Amino acid sequence: QDNSILVEKDTGNRYWFSEELAPTFENNFSTTSDWIKVGTTITANEHVSGKCSFNDPATSSSDRLHKALGVTLSDTAWVATCEINISAMSGSQRAFPVQFSSTTGSYRSSHDSIAIRLGGDLSGSSPSIGMSRNDGGTVTHLTDANSIQVSTGTTLYYVKIWRDGSDLKLAVYTNSDYETGQVGSTQTHQSLGSPTGLSNVVIGSDDASEGGVNATMDNLKVYNNVTTATPATWTNEDIFTDDYSSDSG
């Protein structure tokens, strides 16, 4: 429980417990009822139980799921985390397992959005995880030359994207703490003035790409107005300790 205290009997040290920061928005895809679905290739709790699933979206598909966040994301501080597995991918095909958008439209429609990009790195067929943005219908694939290279198969990746002032950052891990087991290096896009007004989460395909992505996404969490999702912690709050082993000092 938050603000609990632990006292070590042998040392007298006191530790205060702080609960994990509660997400502003979270979804574990255990139901279909809270998502609006367009098309059939991207589903919640249908192709794969308890997950959002990409089932090889069709050529020029605008298939997607969407849901209101309940808030408008800050223009300077937010964090989102999710779990992604890519079972198969061909060519430079792409999908967007997380897109924060000003509307509920398809990826290349006229709106503002920031997205996690999943699939080919455009310069080749290597599977990768990167970032994209849409400024009123103008799509830009961020960090394309240095997208984080990943593998297809059974590996579950823990993906974190966050806004830190004018920077947008992306990191990928193999451990669920979103801190250790980092894959590649943290990617940063600087001087991100817009997009703005991001009040929806849209999960979709790339309208302009061919099919070729089979993947799942799960346990999406969003934290607004912070740059770090603080975990549960025990903190030593003592300002003075003495074990009386010496009479000096």
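Arg 133 is in contact (heavy atoms within 4.5 Å) with Tyr 107, Ser 113, Thr 138, Val 139, Thr 140, Leu 142, His 189, Leu 192, Ser 194 and Pro 195, when residues up to four places away in sequence are not counted. The model is predicted, so that local features need pLDDT of at least 70 and side-chain atom pairs count only at pLDDT 80 or more, whereas totals for chains, interfaces and linings use all residues. Residues are numbered from 1 along each chain as its sequence is written, and side-chain values use heavy atoms, with hydrogens and water left out.

Arg 133 belongs to strand E11, residues 127–135; strands (E, at least two residues) and helices (H or I, at least four) are DSSP runs numbered from the N terminus. Arg 133 is classed as buried because its relative accessibility is 10%, where buried means under 20% relative accessible area, exposed over 50%, and partly exposed in between (1.4 Å probe, protein chains only). A polar contact of 2.8 Å links the side chains of Arg 133 and Asp 135. Such a contact is a pair of N or O atoms within 3.5 Å; within protein, one must be able to donate a hydrogen and the other to accept it, and residues adjacent in sequence count only if both atoms are side-chain atoms.

Eight of the nine residues of E11 are buried. E11 pairs with strand E12 (residues 138–142) in the antiparallel sense through five bridges, pairing requiring that DSSP find at least two bridges between two strands. Ser 132 is opposite His 141 of E12. The hairpin of E11 and E12 has two residues between the strands, and Gly 136 in this hairpin has a positive phi near 65°. E11 also runs antiparallel to strand E13 (residues 148–149), to which two bridges join it; Ile 129 has Ile 148 as its bridge partner in E13.

Most residues other than glycine have a negative phi. Phe 29 has a positive phi, near 55°, and is located in the loop between strands E3 (25–27) and E4 (36–38). Phe 29 is buried, with a relative accessible area of 0%. Asn 225 likewise has a positive phi, about 65°, and lies in the loop between strands E18 (213–224) and E19 (233–236). Asn 225 is exposed, at 56% relative accessibility.

The chain contains 19 strands and zero helices. Of its 249 residues, 45% are buried. Among contacts between residues at least 6 apart in sequence, 66% join residues at least 24 apart.
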